[in-house]
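Student: I have a model open here and would like to go through it with you. Where do we start?
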Amino acid sequence: MIDLALKMLLDDKPRFAATVLGVGFAVALVLVQVGLFYGLLENASITIDRLDAELWVTARNTPNVDFGNPFPENYVQRVRSVPGVAWADNLIVWYAMVMLPTGANESVVYYALEDFRAWNFPWNIESGDPALLRRGRYAMFDASAERRFGPFHAGEYREFQGRRLKIIGRTREARSFTTTPIAFLDYRLAQSLSPAELDGRTTFIVVKLEPWANAEAVRREIRRRLPYNDVHTKAEWAALSRNYWIESTGLGLTISLTATLGALVGVVVVAQTLYASTMEHLTEFGTVKALGGGNLTVSGIVAEQASFAAVLGYGVGLALTQGLVPVLSRLDMKMIVGPKLAALVFVGTQALCLGAALVSCRKVATVDPAIVFRG
C-alpha cells in the first residue's frame, strides 16, 4: 500500500513538490518564531542564570532584573550574618546614558559589583580582566553593544552620565531582553554615576550558600530579617524576569498566533493536495475496495500520503531553519531550536498532516467498488 500511496502522490510531481514546500515553510515559520522567542527569553534571564548566586534579595515587588528598585546597601550585613550564608554582596543593575564619538546618546544597562571574580561574572570574557574595574574609572562592554554603539576597542573612552570612563575589555553573550547594551562597572563607581538614586543604596543582594545549608531555611531567615524585601531562588527569579516580558509585552500571545497561523497554512496545503489527489484516483481506491480492501485500508493509503508529506516537509523546514541561524546571528538575533522543540514540532507536523487527511479519508470511505466497472 505504501507503493500505491507514493505512486498517487508522484503522479503530479510539481503539485507534490509544492505541498512539501508549503509544509516546509510552515514548519520553518513555527521553528523560527518559537526559536527566536526562546532566544529572547534567555536574554531576559541570562545574567541571573550565569551569576554564581543561589538566592537574590530584591526590593519588594521588583518585576525583573532590568528594573531594580534601590534599598539601603547596609542590609547586606544582615544577610551575611544569617547561618548558612557563605557570602553575600551588593549588586547594582542600573541605566546610564553614554555619549558616543558621533555625539549621539545611547542608554546602557550596567552591572556593578565589588568583586566580579567571586561570582564568576561576567562569564565569557573576550579581553580584559574584570578584577581591574575597581582600580579606576573603567568599564567593560559586551561585544553586542557594537550594534548600537558602533565599533569600540580597549583603551578608548566613553562618557557615562557625563563622566569619562576607559574601556578595558569586552565580553560576549551578555545581552538584555530590551537589546540595551550591557556594561560592567565597579560598584562604587556605579553609585557615583547616579548619586541621587544610588548613594548608599543597592538594587540587589546576591547570596552564595554553604554546601550544607538548606536554601529554604536560609531564605526564611533572610525574609524575617528583611521584612520589606523579597527573596528569590535563582530559578524563581529567572522565571519572574522572563514572565514579566511575556505578560507585559504580549510576546507570548503574538508568538502563539504566528505559530498557529503557520500550522494552519500547512494543514490547508496538505488538505488541498490530498483531496485533489484523492479525487483524481477514485478508480484506484475503488479497485482496492473491489479486491477486498476495507475503509481502513483505503484510509491508510491517504494517511501514508499525509505522513510522507509531513516527513519531507519537516525536513525542508528544519533545513531552512538551520540555514537561518548564521544569518540571524550576524543580525545579533539569538534563535534557540533545541532537541525538545524540534521533536515537538515533528510530532505536531505529523498530527496536523494526518488531521488534514481526514477530509480525503471520508471521501474514499464512500467510494463504491463498482466504480471500477463503470464507463
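Predicted model: local features only at pLDDT ≥ 70, side-chain atom pairs only at ≥ 80, totals over all residues.

Student: How much space lies in the largest cavity?
Tutor: About 30 Å³. The search counts 1 cavity of 30 Å³ or more.

Student: Which element gives the most to the lining of that cavity?
Tutor: H2, which contributes 3 residues.

Student: How many residues does H2 have, and what span does it reach?
Tutor: Helix H2 covers residues 13-50, which is 38 residues. From first C-alpha to last it reaches 51 Å, close to the 56 Å expected at 1.5 Å a residue.

Student: Where does H2 bend?
Tutor: At Ala 44, by about 50 degrees. Ala 44 is also among the residues lining the largest cavity.

Student: Now pockets. What volume does the largest pocket have?
Tutor: About 450 Å³. Its lining has 22 residues, and those nearest the centre are Arg 172, Glu 173, Arg 175, Ser 329 and Asp 332.

Student: Which elements give two or more residues to that lining?
Tutor: H2, helix H4 (146-149) and helix H11 (295-330). Arg 175 is on the pocket's list, and Arg 175 also lines the largest cavity.

Student: Switching to aromatics. How many aromatic pairs are there?
Tutor: A search of the whole structure gives 17. One of them is Phe 121 with Phe 184, at 5.5 Å centre to centre and 80 degrees between the planes.

Student: Stacked or edge-to-face?
Tutor: Edge-to-face, because the angle between the planes is 80 degrees and the cut-off is over 60.

Student: Where do Phe 121 and Phe 184 sit in the chain?
Tutor: Phe 121 is in the loop between strand S4 (105-113) and strand S5 (125-127), while Phe 184 is in strand S9 (residues 182-186). They are 63 residues apart, so the pair links distant parts of the chain.

Methods: Residues numbered from 1 in each chain as written. Heavy atoms only, no water. Phe/Tyr/Trp six-rings, centres within 6.5 Å; stacked < 30°, edge-to-face > 60°. Helix = DSSP H or I, 4+ residues; strand = E, 2+ residues; numbered from the N terminus. Expected span 1.5 Å × (residues − 1). Bend = angle between axes of the 7 residues up to and from the residue. 1 Å grid on protein atoms, 1.4 Å probe; cavity = no way out; pocket = protein on both sides within 12 Å on 5 of 7 lines; lining within 4 Å. Points joined across faces, edges and corners; volume = space filled by probe spheres on them.
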